[in-house]
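Here are my notes on the model you passed along.

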Amino acid sequence: MEYIKRLRDLREDHDLTQSQVAEILGTSQTMYARYERGANELPLHHLITLCYLYGVSADYILGLSNQKNR
């Protein structure tokens with residue numbers, strides 16, 4: 001699942017910890033870690049927030065496109 005790798009890569013590229021991203025999303029670090037591992041699916045409202053946070057399209061995060069621009 002491409003989006004799992006992209007979630008981690010985008011977070012690391014922006015020098016953010018899982019805890020910091022979890023706080024932005026209004027969830028726990030444990031739950032966010034589960035998203036990055038693929039143990040839980042990322043809710044749509046979190047996907048939208050991450051698109052704005054990282055300045056990328058949902059298609060990029062989901063692995064449907066290799067272009068980061070929205």
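**Notes on the helix packing and a few single residues**

1. Helix 2 and helix 4 cross in a right-handed sense. Please keep in mind throughout that this is a predicted model. The axes of helix 2 and helix 4 lie 10 Å apart, and the packing angle is about 115°.

2. Which residues bring helix 2 and helix 4 together? From helix 2 come Val-21, Ile-24 and Leu-25, and they meet His-46, Thr-49, Leu-50, Leu-53 and Tyr-54 of helix 4. Sorted by class, this contact of helix 2 with helix 4 holds 6 nonpolar residues, 2 polar ones and no charged ones.

3. Stepping back to the whole chain, the count is 5 helices and 0 strands. Read from the N terminus, the order of elements is α-α-α-α-α.

4. How does the radius of gyration of the chain agree with that of a compact globule? For 70 residues, a compact globule would come out near 11 Å, and the chain has 11 Å, so the two agree. Along the principal axes, the C-alpha atoms fill a box of roughly 30 × 20 × 20 Å.

5. Two further chain totals may be handy for you. Buried residues make up 36% of the 70 in the chain. Among contacts with a separation of 6 or more, 46% come from residues 24 or more positions apart.

6. Helix 3, residues 29-37, deserves a look of its own. Its buried residues are Tyr-32, Ala-33, Tyr-35 and Glu-36. They cover an arc of only 155° around the axis, so they sit on the same side of helix 3. Thr-30 and Arg-37, on the other side of helix 3, are exposed.

7. What do the buried residues of helix 3 pack against? Their partners are helix 1 (2-13), helix 2 (18-25) and helix 4 (44-54). To see how helix 3 is followed, go to Gly-38, where phi is positive, near 85°.

8. Asp-15 is another backbone point to check: its phi is near 50°, which is positive although the residue is not glycine. Asp-15 sits in the loop between helix 1 and helix 2. Is Asp-15 buried or exposed? Its relative accessible area is 67%, and because anything over 50% counts as exposed, Asp-15 is exposed.

9. Leu-62 belongs to helix 5, residues 58-62. Its relative accessibility is 38%, so Leu-62 counts as partly exposed. Neighbours within four places in sequence aside, Leu-62 is in contact with Tyr-3 and Leu-47. Leu-47 is 15 residues from Leu-62 along the chain, and their C-alpha atoms are separated by 9.1 Å.

10. Leu-64 is in the segment after helix 5. With a relative accessible area of 65%, Leu-64 is exposed. How far apart in space are Leu-64 and Tyr-3? Their C-alpha atoms are 9.0 Å apart, while 61 residues separate them in sequence.

Definitions and conventions:
Residues numbered from 1 in each chain as written. Predicted model: local features only at pLDDT ≥ 70, side-chain atom pairs only at ≥ 80, totals over all residues. Heavy atoms only, no water. Buried < 20%, exposed > 50% of the residue type's maximum accessible area, 1.4 Å probe, protein only. Helix = DSSP H or I, 4+ residues; strand = E, 2+ residues; numbered from the N terminus. Arc of directions from axis to C-beta. Contact = heavy atoms within 4.5 Å. Axes fitted to C-alpha atoms, helices over the stretch in contact; angles between N-to-C directions. Left-handed = near helix turned anticlockwise from the far one by under 90°. Nonpolar A, V, L, I, M, F, W, Y, C, P; charged D, E, K, R; others polar. Rg over C-alpha atoms; globule rule 2.2 N^0.38 Å.
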